[in-house]
Amino acid sequence: MSTPQPAMLVDTADSVERQTAPAEPTLDRVAGLARMRARRARRSPTVRPARRPRILMTTEGTYPHAMGGVSSWCDLLIGGLPEFDWQILPIRAGDRSHSAIFQLPPHAKVVGQIELWSEQLPRRRWMVRADHHSRESLPANLVRSLMGWEGSYDGLLDALVWCRRRPQAVRRAFRGAGAWEAFLGALEEVLAETHPDAGPAPQLDAVEAARLYQTIYWIARAAAVPTPQTDLLHVTAAGWAVIPALVHKQLFGTDMLLTEHGVYVREAYLAAARSASSQGERFLSSRLARGLSRAAYTAADSVAPVTEANAAWERGLGVDPEKIRVIQNGIDAPASYTDPPGNLKVVSVGRIDPLKDVQTMLRVAVEVHRRVPGARFEYWGPPTKGQEAYARACEELARRLGAEECFRFMGSTRDPHGVVRDADVVLMTSISEGLPMSILEAMAQARPVVATAVGGVPEVLRGCGIVPPPGDVHAIATGVATLLTNPKLAAHLGQRGFSRVHRVYTQKACLDGYRDLLGKLAGVEMAA
Amino acid sequence: MAGGLSQMDSTGHQYAAGVIEARLGRGAQDVLEAAVVLEAWGGVRAGRALSLGSRVVPPKPPRWTPGRLTTEEPGRRDGILSEAIALIMAILAVASWAGPLSRQVGTSALEHAIVIGLPLTLALQWAIRSRYLSRRSGLACLAHDRLALGAVAVLGIEGPLMLLHPYGPLAGMFVAIWVGGTVLARRGWALPYGLLLVAAVVGLEARLPAYPLLEVLTGVVLVAGVVAVRTGEEHSNEPAGRVGRALWAGAIGAALGGLLVGDPSLGWGVHGAFPALALLPSVLGSFWGGYHLWKFYDAVPRGLQGVTLTQANQRNRQGAAMRIFVGALLRLVGMTVVLSGAVILISQWTAGTNRVSLFVGFGCVALVTLLVNVLESLAYARWALFAAVASIATELIMSNLVLTHAPVPGTALIAGTLVGILVALPPLLRLLVRPGRVLATSLWIQ
């Protein structure tokens, strides 16, 4: 049998079903095709396809189902680049609320959905003969390739592609008697690894192992979901969102762009460090995030962090510097601004989330109120889904600190610009950020900003804000009090921020950067 | 920021290790955690923090602490006593209907209605429980699908039954009353439901016309069911179970219902109250055993806390899974035996039966139901259905081909259930004896 031509494999298979049918070429052959495509692409880097380029964007708990900075960025990008056909594949927790918060433009559509932790099984393809091929080594292979300190990229791809080819067999593979036993053996191997950078692994118990087994099962299930034909993969986080893209890239050789807003693995480690989980759970969750990020960095043809601070992390985590191209977020700033109202109001806009360190903000509010008695703090934004307990803890802390007089949780707002305009100072106390849109919005309204020195914040606020260390209540409170009691300085910093946004962080620059990069990766030249 | 950097320069990784220790209350797990902590709380730049490498990672493993457990029980278990009382009232009431109903509608119509109604009821109860009522927000899930369910109930079940004159309408009313009772019990209205059934007994004994009385009762139960669903729980995002799994569960329920009515020697509706009354001990035993099984979801992971990886797949006859299962089994058998003795003792005053074989038969039905139930809840629906179908097939063969004139009532039922037990028990024991495997491959991957 002759080897099928790449064009036949990629361009003439119209349906998703066809792409995932069991009669596909073997993995080795497909990998060979991918390499062949890559060689051809190097020989002729710009190929102009007859149709509009299609981009498959994978999201994780964000667009189009949830509000937040990443979702706003997705909305901006998709709305601002109508020259591409956008295919959205969201990954989300399986629940009943399927309604999208964002309205998609005509050139974008949701092409499927990956539901995690749901009871639903992969959709049965009645016309395809049932595959009774079982592979009890699947969980063991996944745990070795994902959780090991070095891991195995090829082993991971092999396991994930197997899942895509046999979606009906994944559950059977995990429920088999030998699968659990093999998994435990592989996990013990991972725990016994020695590496100078890794430190000794903690001891795990059977419950922690079973929980990991369940998580690995959902990784396999995410890999089994079919992806449509596309010209470029755009992954919006180096975590779960990369799983379908990894498989697609391996099968069809499609190029992949990774955009990181926060550094996924860094945020996972932060969340684990702050959680009250056992050592074992912390170890497993951070190792898993590391495994997924490592795979995303290896697979990505280009990595586009939103700030130089993220790029530094990515280089430190082993991403080839040649692959990295920083494209900063941008904002459609107004042409003019109004003066601060002088109402001693301090505003913060963002989700209520441990990464935002709202509890430090509460302490800052109390300290500032002590120094500037008329000062009032408003926190605009809902709790992150799953962080309702943290939100309740924050409210409880506000009561304990006696902060009700000066601090209020305001809930969601549909007018973040208006909220910021009505403030004298904008405050952010996060312990992890990429390039926060809320700071750009404050600068666009010429409001002075006090924000902790994390991620891209020092870079953005250079010369136009106060940047105290994260968690330093005294330093943050001093910054806020200084601006409240010195309106001239506050106005000056606000104006500098306003002009900096117009100079550096424009929506046009952001969209031009992506237009250029996406066009190159998709094999077309785009006019700016 | 600047302070952090200068101190890093002056004292190097010792300072870094101190910052980590102060922030985490322990050493770093690996270089990444060290870098993350130093950047987030120590004011150290990412590149610098990452370059510290293994010097900030302690060489010894942390002291071991077992994992914390946050399991959630799938569903409500409040008001168990009232539910049990209501169950007794319901069985006694239905048993008391048999005499007056057979007098008014004829024994043949009543027998046919029960033979059709009981399997259908069990099928619907199993399916509804699988898809909706076994969930924490079961009633909210049910409310979400109310229109589709209403259409299925009217067009797929009640409509066709109405065409089967004269017993079809009676069967339809039985189905509505009994299935409605399941929903009312889930809402916590089991006692009012039981009282409704008792009121119907009083009406029948007072020689009120049977059909209008049952029509009124059906109407009241259905209205109460709708109110229960609408007022039950606030809107929830919890999804309902799989349709496919609910269909499997329904088929299992139907097979178990068929098992109850497949042996003509039991004489449903012919011999007055006795078969229904003989059900009481096994149903209550089953209820108690089933209630004990509810602990499964919590007790199995709890029992595995602190169990090392090398022991996580070992056989353990005293493990939590086996303990819960054997406990449920003993409760079922114990209560069935004790109550059966009591019912036999008082049979001369209740116009009931003193045929021991009937009690044994119904006890075996309860046992096979329990086994099949555990298999189904661990998502081995095919095996569970196979066991149930093997039971009913054996029963039908025995009653129609082998024991056409059985001297002892319930012999075919006993034979069928024994086959079901033999089919279901060995794989179940093989699974439950390894609690680690039960948790990982069955409880948490459904």
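**View 1. A nonpolar patch on the surface of chain B.** In this predicted model, B:I397, B:L401 and B:V402 form a nonpolar patch on the surface, and together they have about 310 Å² of accessible area. Such areas come from the Shrake-Rupley method with a 1.4 Å probe, and for residues only the protein chains shown count as cover. Patches are made of residues with over 30% relative accessible area and no salt bridge, where like charges are joined within 9 Å and nonpolar side chains (Val, Leu, Ile, Met, Phe, Trp, Tyr) within 5 Å. B:V402 belongs to helix α17 (residues 381–402) of chain B; helices (H or I, at least four residues) and strands (E, at least two) are DSSP runs, numbered from the N terminus. B:V402 counts as exposed because its relative accessibility is 53%, given that buried means under 20% relative accessible area, exposed over 50%, and partly exposed in between (1.4 Å probe, protein chains only).

Residues are numbered from 1 along each chain as its sequence is written, while chains are lettered from A and ligands numbered from 1 in the order in which they are written. Because the model is predicted, local features need pLDDT of at least 70, side-chain atom pairs count only at pLDDT 80 or more, and totals for chains, interfaces and linings use all residues; side-chain values use heavy atoms, with hydrogens and water left out.

**View 2. The salt bridge between chain B and chain A.** Across this interface the rule finds one salt bridge, in which the side chains of A:R266 and B:E39 meet (2.4 Å, N to O). A salt bridge is a side-chain nitrogen of Lys or Arg within 4 Å of a carboxyl oxygen of Asp or Glu. The largest share of the side of chain B that touches chain A, eight residues, comes from α2(B).

**View 3. A salt bridge between A:K249 and A:D301.** The closest N and O atoms of A:K249 and A:D301 are 2.7 Å apart. A:K249 lies in helix α10 (residues 242–252) of chain A and A:D301 in the loop between α12 (279–299) and β7 (302–303), so the pair ties together parts that are 52 residues apart in sequence. A:K249 counts as buried at 16% relative accessibility, whereas A:D301, at 31%, counts as partly exposed.

**View 4. A network of salt bridges in chain A.** A:E83, A:K508, A:D512 and A:R515 are linked in this network. A:R515 and A:D512, whose closest N and O atoms are 2.7 Å apart, both lie in helix α21 (residues 507–522) of chain A, three residues apart, about one turn of the helix.
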